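This report describes a protein model for a reader who is new to structural analysis. Please keep the sequence and the structure in view while reading.

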Amino acid sequence: MLAVVTSCVLLIASTTLIHYEVLRALNAGLPLLSIPKRSKLLVVIFAAFVAHGMEIGVYGLALFLLIKYAGVGTLSGAPDFSFASCLYFSAETYTSLGFGDLTPVGPVRLLAGTEALNGLLLIGWSASYAYIAMERFWNAGKSNRQP
C-alpha cells in the first residue's frame, strides 16, 4: 500500500508540473506567434490536449508498473494484461468517463481515485486557461475601436 500512496503523491506532482510547464510555455510563446489572434486558441486547445495525453500516459505507465512489478493489484475485465489496457483504463479514469469494463482490484484502486480527481482538476485548469486565452485573443483590439 505504501508503494501506491507514494506513487499517487509523485503522480500528482509530476502531472501538475507537466501541466504547469505546458501552460507556462503557451503563455510565453503565444504572443510571439505570427498567426491570426483567433487561431492562437487552436494552439491552446491542441497544447492542452497534448498535455492531457502525456498525463494519461504517465498514469497508465505507473499503473502498469505497479501491477506488473510491485504486485499491488490487478486490472479485472482486461482480456490480457498489457500496457495498452492500462493506458485505456487511465484515459477513461482521468476523464471520469468510467465505462466500467476494466476495474482495478486491490490497493491500486487508490490510484484510480487519485487519477480521477487529478484529471478533473487539470481539465478544469485547461478550461480556465482556454477561457482566458479566448478573452485575450478574441477581444484583442476591440477596446481601441471607436463606437
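The sections below go from the whole chain to a surface patch and then to one glycine.

## Basis of the model

The model is predicted: local features need pLDDT of at least 70, side-chain atom pairs count only at pLDDT 80 or more, and totals for chains, interfaces and linings use all residues. Residues are numbered from 1 along each chain as its sequence is written, and side-chain values use heavy atoms, with hydrogens and water left out.

## Overall form

The protein chain contains 4 helices and 2 strands. In order from the N terminus, its elements are α-α-β-α-β-α. These elements are DSSP runs numbered from the N terminus, with helices (H or I) of at least four residues and strands (E) of at least two.

The C-alpha trace of the protein chain spans about 65 × 25 × 20 Å along its principal axes. Its radius of gyration is 19 Å, whereas a compact globule of 147 residues would have one near 15 Å. The radius is taken over C-alpha atoms, and the globule rule is 2.2 Å times the number of residues to the power 0.38.

## Surface and burial

The accessible surface of the protein chain comes to about 8,400 Å², and 70% of this belongs to carbon and sulfur atoms. Such areas come from the Shrake-Rupley method with a 1.4 Å probe; for residues, only the protein chains shown count as cover. Of the 147 residues, 36% count as buried. Buried means under 20% relative accessible area, exposed means over 50%, and partly exposed lies in between (1.4 Å probe, protein chains only).

## A nonpolar patch

On the surface, Leu61, Leu65, Tyr69, Phe83 and Leu87 form a nonpolar patch with about 470 Å² of accessible area together. Patch residues have over 30% relative accessible area and no salt bridge; like charges are joined within 9 Å, and nonpolar side chains (Val, Leu, Ile, Met, Phe, Trp, Tyr) within 5 Å. A salt bridge is a side-chain nitrogen of Lys or Arg within 4 Å of a carboxyl oxygen of Asp or Glu.

Helix 2 (40-70) and helix 3 (83-94) each supply at least two residues of the patch. The largest share, 3 residues, comes from helix 2. Leu65 is found in helix 2 and is partly exposed, with a relative accessible area of 38%.

## A buried glycine

Gly60 is also found in helix 2. This glycine is buried, with a relative accessible area of 0%. Apart from neighbours within four places in sequence, Gly60 is in contact (heavy atoms within 4.5 Å) with Phe83, Cys86, Leu87 and Ser90.
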